[in-house]
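Me: Can you take me through the domains and the helix packing here? I'll ask as I go.

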Amino acid sequence: MMVENKAALQQKAMEMYAIFLKTYGERSLKPPRRDAMTELIMTILSHRTTNANEKLAFTRMWEHYGSWEAIRDADMAELTALIAPSNYPEVKAPYIKGTLAQIIHERGQANIDFLENLPVDEGLRWLLSLPGVGIKTASLVLLFNFSKPIMPVDTHVHRVSLRTGLVPPRTSANKAHDLLLEILPNEPHILFNFHVTCLRHGQKICTWNAPKCPQCPINHLCDYYHEVFTANS
Ligand code: SF4
């Protein structure tokens, strides 16, 4: 990234952030909304799934088995049926069992709180070694549960970043993780609130199929808006 380009993008990101905070509010990173093991497994269940169905799948699984060890040892077909409210249960069931097996084998228990004391890069590497854990899930757990300076890029954050021009056209979500960290402050509270408010913006205003550009509070900062609404005026 060119130095002058980086400075302009940093400024744009902070202007967007200030407007997002005013529009959607600011939240505290602590205390975490749930323990780290639960966050990890729920994030695996959340992939391409609504919040309501993610929670339903988790509740059905937990009420049936009642412990991480029992889920690790669960019959694959039975677990797949129980988490069926989540999309792709046949993919997620082996991921969940494999992730639990690896954690319990390596750590002696289903507990990942040791990540608190690891540098962010080491924690990321360790989480990415688990079956079914990608960069979004790993970043979310490290930021939400351990206040590490890293930011998950979900589909909404990815879309808003592309349209506004915070990342170049056709940047993948994985690459956007790196590029956004280069332009946002290395500060967990800001990364958390940028993620949460940008996600909200993607759900409410900058939706996938019908972005509400004329009423968008950041349209003056948005490349897509300038291309579509002001280029020929
Ligand atoms: S102006 Fe439109 S495309 Fe740009 S961020 Fe707002 S809603 Fe999204």
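Predicted model: local features only at pLDDT ≥ 70, side-chain atom pairs only at ≥ 80, totals over all residues.

Me: Which residues go into domain 1 and domain 2 of the chain?

Reply: Domain 1 takes 3–28 + 153–171 + 189–230, and domain 2 takes 36–146. These bounds come from an automatic or database domain assignment.

Me: How many Å apart are their C-alpha centres?

Reply: The C-alpha centres of domain 1 and domain 2 are 29 Å apart.

Me: Switching to helices. At what angle do H7 and H8 pack?

Reply: H7 (residues 120–128) packs on H8 (residues 135–146) at about 135 degrees, and their axes are 9 Å apart. H7 is therefore oblique to H8. Angles under 35 degrees count as roughly parallel, over 145 as roughly antiparallel, 65 to 115 as roughly perpendicular and the rest as oblique. Helices are DSSP runs (H or I, at least four residues), numbered from the N terminus.

Me: Which residues meet there?

Reply: Val120, Gly123, Leu124, Leu127 and Leu128 of H7 meet Ile135, Ala138, Val141 and Leu142 of H8, with contact meaning C-beta atoms, placed from the backbone, within 7 Å.

Me: And H2 with H3, what angle?

Reply: H2 (residues 36–46) and H3 (residues 51–65) pack at about 125 degrees with axes 9 Å apart, and are therefore oblique to each other.

Me: Which residues are involved?

Reply: Met42, Leu45 and Ser46 in H2 meet Glu54, Ala57 and Phe58 in H3.

Technical notes:
Residues numbered from 1 in each chain as written. Axes fitted to C-alpha atoms, helices over the stretch in contact; angles between N-to-C directions. Helix = DSSP H or I, 4+ residues; strand = E, 2+ residues; numbered from the N terminus. Contact = placed C-beta atoms within 7 Å.
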